[in-house]
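Let's take a look at the aromatic rings in this one. Have the sequence and the 3D view ready.

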Amino acid sequence: MTGVGYRQLWAADPGGWRAAGAAWAGLTGPVQQRVDGLGATAGRLRGGWSGAAATAADTRLGGLRDELTSVTPALIEADQVLAELAGRLTVAKARLAEAVRLAEAAGLVVDRTGAVRADPSRVAPTERAGVAAAGATAALRDALDRAGAADRLAADRLDELARAAGSGWASPPPPGRPGPGDSPTLVRAWWSGLTPAQRRWLVVREPALVGRLDGVPVAARDQANRLLLGSRRAELLAERRRLLARVPPGPVASVRLRAVAARLAGLDALVERLTASGEPRAYLLGLDPAGEGRVVVALGDPDQADRVLTYVPGTGSGLDDAPGELGRAARVLDRCAALAPGERSSAVLWLDYDAPDFLHEAASGRQARDAGPTLHRFQEGLRASHEGPPARQTVLGHSYGSLVVGVAAREHGLAADALMFVGSPGVAAGHASELGVPPGQVWASRAPDDVIRLARPADEFGRQALLGAAPLAAVLGWPDRTGHELWFGHDPADSGFGGRVFPSGRGGHSGYWDPGNPALDGMARIVLGR
């Protein structure tokens with residue numbers, strides 16, 4: 001279509017487009033079964049057939065497997081396109097409804113063609129009504145323009161996929177890959193220079209590379225990482241088999257078995273969310289089951305959003321509880337949608353660091369220092385891959401995660417327009433001005449019953465222990481302690497820190513996301529820039 005009309009937008013069903021996308025993505029399972037079946041057939045043939053004909057058959061079966069495998073990213077991309085269309089239509093419909101509401105409040109009516117005029121049965125036309133009519137007409141046009149742009153974008157991307165079905169899904173790219181030290185901006189330039197077929201070849205043949213490259217568009221990273229889900233789960237199953245092979249397993253092996261079982265359960269719950277057809281669509285930007293497990297998941301495409309939140313959790317976080325942490329990000333996003341239905345927001349769970357497991361580990365700044373460069377690069381990647389005008393980027397750290405954010409901002413710089421700290425033990429800074437974001441955009445909150453307020457050295461022994469275990473304290477110079485000094489420096493929720501404080505109700509250390517807690521509303525408003 002060249003444009004979307006008033007009646008078309010009213011009648012549009014975003015949920016239907018979202019379900020259609022999920023149906024395309026659902027075909028990846030049957031395709032993989034066919035791929036596996038061809039592999040099994042080839043294996044049986046090799047065991048009992050030799051000669052030129054056998055070699056030719058094996059080559060043909062391998063080619064068929066490659067062709068089928070290359071279809072999978074296209075199926076995922078169809079889901080992404082239709083989910084993105086659904087999201088854009090949802091925003092356009094919200095803007096349309098608001099424009100109609102404003103028109104009716106001014107005594108105007110909107111007819112079936114979308115024309116705004118005075119309602120003679122309610123008020124006589126006035127100069128004020130004329131101004132309101134002009135404003136409502138402009139708002140309606142904005143909603144229709146947004147819907148039309150969404151329709152054209154989706155049609156163009158689906159047309160490209162349809163052409164690829166005839167010309168070939170994938171083709172090898174030129175040699176050369178980004179180096180480990182290349183900036184996300186250079187990575188994005190490299191990716192932009194490839195054809196769609198070359199990009200799909202890389203997604204299929206080198207998913208581990210594409211999936212982790214900051215600067216590659218979120219959609220491509222999601223496709224690559226979804227292709228790796230089966231192998232990541234296989235790694236955990238293999239680890240469990242190795243532990244079970246120990247007879248008797250012993251207490252250490254038993255603990256590890258429980259940990260592996262917890263990571264498997266977390267991964268399965270995460271896959272369930274990734275394959276759900278609900279709104280918003282989830283994008284898998286990173287997954288590593290080793291250790292406690294690392295994962296990066298976005299709700300909604302950050303490359304297309306007006307507002308992007310990156311949430312960094314704290315102590316005890318890992319693959320086992322990633323679905324729960326993702327739920328916290330989702331609650332902020334839901335509140336953003338309620339406050340600003342006409343804007344597009346995305347929330348990212350960033351758990352790409354080795355979070356402390358126990359309190360004695362959380363007393364050290366080592367893991368926060370190790371995570372700083374990675375978080376810095378990830379935020380730069382979001383800037384590099386974003387489409388259109390830059391999004392407002394906010395980074396939220398909870399508990400030890402606030403130290404990770406503070407260290408990254410202070411020592412490396414963060415591509416962020418605002419920082420938020422909740423339940424913080426300190427952020428390795430003495431003042432908000434050290435964190436490198438615009439003035440007035442460092443925010444903090446602490447519940448009145450959050451035990452983190454007790455996280456401070458109580459005596460000289462504690463001070464010496466801190467200096468030995470956490471060199472960050474030495475960097476800070478550890479000023480004379482006051483009632484506002486926490487384990488890792490000045491309390492960011494203290495007015496003397498130089499940031500801005502938003503309120504929280506009672507809920508302990510993890511209740512900031514509870515329904516009805518004013519902290520949840522505050523987090524959403526900060527993400528929106530309100």
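This is a predicted model: local features need pLDDT of at least 70, side-chain atom pairs count only at pLDDT 80 or more; totals for chains, interfaces and linings use all residues.

The structure holds six aromatic pairs. In the pair of Tyr311 and Trp513, the ring centres are 5.5 Å apart and the planes meet at 55 degrees, so this pair is tilted. Where do the two residues sit? Tyr311 belongs to strand E5 (residues 307–312), while Trp513 is in the loop between strand E12 (500–501) and helix H18 (518–528). The pair therefore ties together parts that are 202 residues apart in sequence.

## A stacked pair

Now for Trp350 and Tyr353. Their ring centres lie 6.0 Å apart with the planes at 10 degrees, so this pair is stacked; the cut-off for stacking is under 30 degrees. Trp350 counts as buried, because its relative accessibility is 0%. Tyr353 counts as buried as well, at 3% relative accessibility.

## A charge over a ring

One more ring to find is that of Tyr283. Which residue has its charged end over this ring? Arg281 does, with the charged end 4.7 Å from the ring's centre.

Note on methods. Residues are numbered from 1 along each chain as its sequence is written. Side-chain values use heavy atoms; hydrogens and water are left out. Rings of Phe, Tyr and Trp (its six-membered ring) pair if their centres lie within 6.5 Å; planes under 30 degrees apart count as stacked, over 60 as edge-to-face and the rest as tilted. Helices (H or I, at least four residues) and strands (E, at least two) are DSSP runs, numbered from the N terminus. Buried means under 20% relative accessible area, exposed over 50%, partly exposed in between (1.4 Å probe, protein chains only). A charge sits over a ring if NZ of Lys or CZ of Arg is within 6 Å of the ring centre and within 35 degrees of the ring normal.
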